[in-house]
Amino acid sequence: MAAAPEAGEPGKGKPFKLLGILDVENIPCARDSTLYGSLGSVVAGLGHFLLTSRIRRSCDVGIGGFILVTLGCWFHCRYNYAKLRIQERLAREGIKNKILYESTHLDPERKQTNSGSSSN
């Protein structure tokens, strides 16, 4: 059986940082964007090489493909992540208000059947 990593061993203790700045494990969307960018780099570079047989230009196209695909995936994922966070916040506030106002006169779902007959 595998033992748990100790304090001196790499593993869970030190996070993996890409280029020393991008914490891939803890930043949402960083891992997927990097992986898709790598795949885009290989596809763009290899495709350009197969079409033109120019090595240097194919490397340039591969780097450009990496940048474009990574940024495209990053912005798409972060947009969806922000939209999800807003929906979660609205749902959380709605649940809090439901619990707070349930069975009171401020409850919007409570039917106001005797609104005029209360006064004497």
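Thr 70 touches Ser 33 and Gly 37 when residues up to four places away in sequence are not counted, a contact meaning heavy atoms within 4.5 Å. The place of Thr 70 is in helix 2, and Thr 70 is buried, with a relative accessible area of 16%; here buried means under 20% relative accessible area, exposed means over 50%, and partly exposed lies in between, with a 1.4 Å probe and protein chains only. Both partners of Thr 70 are listed among the buried residues of helix 1.

The structure is a predicted model, in which local features need pLDDT of at least 70 and side-chain atom pairs count only at pLDDT 80 or more, whereas totals for chains, interfaces and linings use all residues. Residues are numbered from 1 along each chain as its sequence is written, and side-chain values use heavy atoms, with hydrogens and water left out.

The protein chain contains two helices and two strands, where helices (H or I, at least four residues) and strands (E, at least two) are DSSP runs numbered from the N terminus. Along the sequence these elements follow the pattern β-β-α-α. Of the 120 residues in the protein chain, 12% are buried. Among the contacts with a separation of 6 or more, 42% are accounted for by residues 24 or more positions apart. The accessible surface of the protein chain comes to about 10,300 Å², and 61% of this surface belongs to carbon and sulfur atoms; such areas come from the Shrake-Rupley method with a 1.4 Å probe, and for residues only the protein chains shown count as cover.

Helix 1 has 23 residues and reaches 32 Å from its first C-alpha to its last, which is close to the 33 Å expected at 1.5 Å a residue, the expected span being 1.5 Å times one less than the number of residues. The buried residues of helix 1 include Ala 30, Thr 34, Gly 40, Gly 45 and His 48. After helix 1 comes Ser 53, whose phi is positive, near 60 degrees.

Helix 1, which covers residues 30–52, also gives the most to a nonpolar patch, with four residues. This surface patch is formed by Val 42, Leu 46, Phe 49, Leu 50 and Ile 55, which together have about 510 Å² of accessible area. Patches are made of residues with over 30% relative accessible area and no salt bridge, like charges being joined within 9 Å and nonpolar side chains (Val, Leu, Ile, Met, Phe, Trp, Tyr) within 5 Å. Ile 55 is found in helix 2, which covers residues 55–101, and Ile 55 counts as exposed because its relative accessibility is 59%.

One disulfide is counted, under the rule that a disulfide is a pair of cysteine sulfur atoms within 2.5 Å. Cys 29 and Cys 77 form this link, with their sulfur atoms 2.0 Å apart, and the link is left-handed, with -70 degrees about the S-S bond. Because Cys 29 lies in the loop between strand 2 (22–23) and helix 1 while Cys 77 lies in helix 2, the pair ties together parts that are 48 residues apart in sequence. Cys 29 is buried, with a relative accessible area of 10%, whereas Cys 77 counts as partly exposed at 23% relative accessibility. Cys 73, by contrast, is in no disulfide, and the nearest cysteine sulfur, that of Cys 77, is 8.4 Å away. Cys 73 is partly exposed, with a relative accessible area of 24%.

Side chains of opposite charge can pair when their charged atoms come close. Two salt bridges are counted, a salt bridge being a side-chain nitrogen of Lys or Arg within 4 Å of a carboxyl oxygen of Asp or Glu. In one of them, Arg 31 pairs with Asp 32, the closest N and O atoms being 3.6 Å apart; Arg 31 is exposed, with a relative accessible area of 51%, whereas Asp 32 is partly exposed, with a relative accessible area of 38%. Another salt bridge joins the side chains of Arg 89 and Glu 93, at 3.8 Å from N to O. Arg 89 and Glu 93 both lie in helix 2, four residues apart, which is about one turn of the helix. An α-helix has 3.6 residues a turn, so residues three or four places apart point the same way. Arg 89 counts as partly exposed at 42% relative accessibility, and Glu 93 counts as partly exposed at 37%.
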